[in-house]
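Please open the structure in a viewer and keep the selection tool at hand.

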Amino acid sequence: MLDFFAGQYDIVVVGAGHAGIEAALAAARLGCRVLCLCTSLEGIGNMPCNPSIGGTAKGQLVREIDALGGEMARAADAACLQFRMLNRGKGPAVYSPRAQSDRMAYRAYMRRALEHCEHLDLAQGECAEVLTGPQGAVRGVRLVGGARYDCKAVILATGTFLGAKTFTGEVMRHMGPDGMYSADHLTAGLEALGLSLRRFKTGTPARVSGKSLDFSKMTPQPGDEGELGFAFDRTEEAVNRVTCWLTYTTPETHAIIRASLDRSPLYCGEIVGTGPRYCPSIEDKVVRFPEKERHQLFLEPCGGDTDEYYVQGMSSSLPEDVQRAFLRTIPGLERVHILRPGYAIEYDCIDPLQLDHTLMTRAVPGLYCAGQLCGSSGYEEAAAQGLVAGINAARRVQDKPPFVLKRRDGYIGTLIDDLVTRGTNEPYRMMTSRSEYRLICRQDNADARLMPLGHALGLVSGRRLEAMETRQEQIRQEILRLQKTVAPPSPRTNAFLEAHGTAGIALSGASLADLLRRPELTYDALAEIDPQRPALSRQVREQVEIGIKYEGYIRRQLKDIEEQRRLEDSPLPPDIDYLSIRTLRTEARQKLQAVRPETLGQAGRISGVSPADVGALMVYLSHREEPFK
C-alpha cells in the first residue's frame, strides 16, 4: 500500500457523526491537536434516521452532555422545529426532553462548530488501518489513498459505515446511510489488531412528500409551550415552528406486509446482522405481534424549508413497490409520494467487552471506540460515548488520570458501564429503566450533578458553573422558605384548597411545603395563597417542587447509593488470575477473566456472576498476602 507522511497530531478521530463530533471537539477544547476524518464532509452531523434529538432516556443523555461541556444540546436548540417534554403524566424520574430538528440546520451548525474550533482540522478520507508501535500502542493511521498521520491516540467513531450494506427488497448495495460511501477497508485492520467484531443492523423508513399527505385524517401533535430547550444556560423559550402528526397502520397494511415477507431480506436470510429489539421494522412488528390490529405512526417534518416527512415507526427493508402499496393503506397517506424508500443497513461493530470504562481498547493502548461501533444505537448514546472518549484520549495524551463516570453519576455512566461490563448481543438503546438511580439522575438536575466535573476538566466555563451554583442556592433557599412559611386556616385558604380537590387545613395551619406534598397541588398553583414568593425561573421552580414532593424517595435512594459505594469503590487488582480462584463457579471465573472488572461493584453486574461469587471474591481478596491498594 502507498504510504506517505501527511501530518502529525495528538489525536485522530475517525468519523464525524454524533460520536466523532463530540470526541473531536472535546479533545481539541482540552488543548490537543486533533484531526477529524470522515468519508464525506457533507455527512458531518447527519441524521440518517429520525430527524430528532432526545426522547425517553435519550433526553437525559443530551442534558448530561451539555452539563459536561459537549455540543449536542446547543446544536439541537439551534435546529429546533418543535420541543416537547415527554412523560409529563408520569413521575419526574422519567421526564424526557425531545426536539424535532431541522436536519440541514443541525448539520450546518455542527460543521461550523468543527471548522471554527481551535486546534482541530477536518479532512475527507477513509481510514484503512490503525498503526501501532513496538509495544502495541497506537502510533498513527493510514488512509486508503496512502496518507499516513502520526498520532498518540485514535478514536474510532465509524457509526453504521464500517463494512456497510443497505437492503431494499432484492436490491443490496455496498454503501452507508443516505447513499454515502461505506468504509470497507478498516474491518480487516481491526481484526489484525486482535479485536473481535460482529454484524448488527438497523433500519429507516421511507421519506415522503408532505404535499401528498392528507393531514385532515391525522391527529396533530403540537409542541409544548414554555419549555426552554436542552442547554442549561438557555433563557429564551424553545420554538414550535411545526406540527407532527399521528396516524395508524390498518389490517390492510398488515395483510400486504405478510404477503410480501418472501421478498424481505430480513426473512429470506440475506440480512445476517442482529437488529434492535426496541426499534423493530414494521415487518417485525406485524410478525411478532399478530394480535395487534394497528401500530401508531408519526409523520415528522425533516426541516423547516423542505417538504420531506419522516414516517416514524415504519422502518422497513421491503421492496419499494411493497412500501408504496402498504403506505397507501394508511389514513392520510392514500396518495403518498415516496421521496426516498426505506432500507435496512448492516454494519460491523466490536464487542464492547473489549473496552474499559474510558472506552479504550484493552488490546491496543491509545485506541478508543465510541458510538455504534461499540454496539449502541441512537444519536444521543453515540454523542455521550464520543464525549467521554474524547476527554479520555486527551487526558492520556497529556499524562492525566482517566475520567470515569459511575452509574450513580448519571445516564452516561450507566450507558458505558452496561456496554463494557454486560456487553450487548443487539443494538443497545438507553432506557430510563436501565438506571437504578433514575430519581437522582433526572434530566432537570444534570447541571448540578455534572457541571462541577465539566468545569474541573476544562470544558465548562466559570460563568456557566457560577450560574448553576446560583440556581442551586435559589432552590435551597426557596425550599427552606416553603418549610418555614405557614398558611393559616382562613376561609380563603380553605376555599382555595377545596377548589383544587384537596382537604382544608387544621387550626394550627400547615407549611407551604406540607401543602405542596399533596398530589393535587403544584408549586405554581400555590402562588394564589403565597403572595411573598420570589420571582424564580421555571428551572428553579420545577426543582423546588420535585425536591419537596419526592423528598422521602430521594433520601431513600441517596441512602442506597451510599450503601453501594463501598462495593463500587473497592478496586480489584489488575493482575488477578480469576481462573485460579477455585471458590468461584466456572462461569464466573470465565466471565471475570474476560471482562476484567475494575471494582467489586462492576464484577457483581457481569452477567453470570452471582452475589455468592462476589462474596467468594471478597474472601479471596481478604486472604491475599499483599492486598491491592
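Buried means under 20% relative accessible area, exposed over 50%, and partly exposed in between (1.4 Å probe, protein chains only). Helices (H or I, at least four residues) and strands (E, at least two) are DSSP runs, numbered from the N terminus. This is a predicted model, in which local features need pLDDT of at least 70, side-chain atom pairs count only at pLDDT 80 or more, and totals for chains, interfaces and linings use all residues. Residues are numbered from 1 along each chain as its sequence is written, and side-chain values use heavy atoms, with hydrogens and water left out.

Select helix 6, residues 251-259, where T253, H254 and I257 are buried. Seen down the helix axis, the buried residues fall within an arc of 95 degrees (taken from the directions from the axis to the C-beta atoms), so they line one face of helix 6. On the other side of helix 6, P251, E252 and A259 are exposed.

Next, select the open sheet: five strands in the order 7-3-2-11-22, with parallel pairing (two strands pair if DSSP finds at least two bridges between them). Strand 7 (120-124) and strand 22 (367-369) stand at the edges, each with a single partner strand, so one side of each lacks a neighbour in the sheet. Strand 11 (residues 153-156) is joined to strand 22 by three bridges; I155 has Y368 as its bridge partner in strand 22.

Finally, select helix 15 (residues 538-549), which contributes four residues, the largest share, to the lining of the largest cavity.
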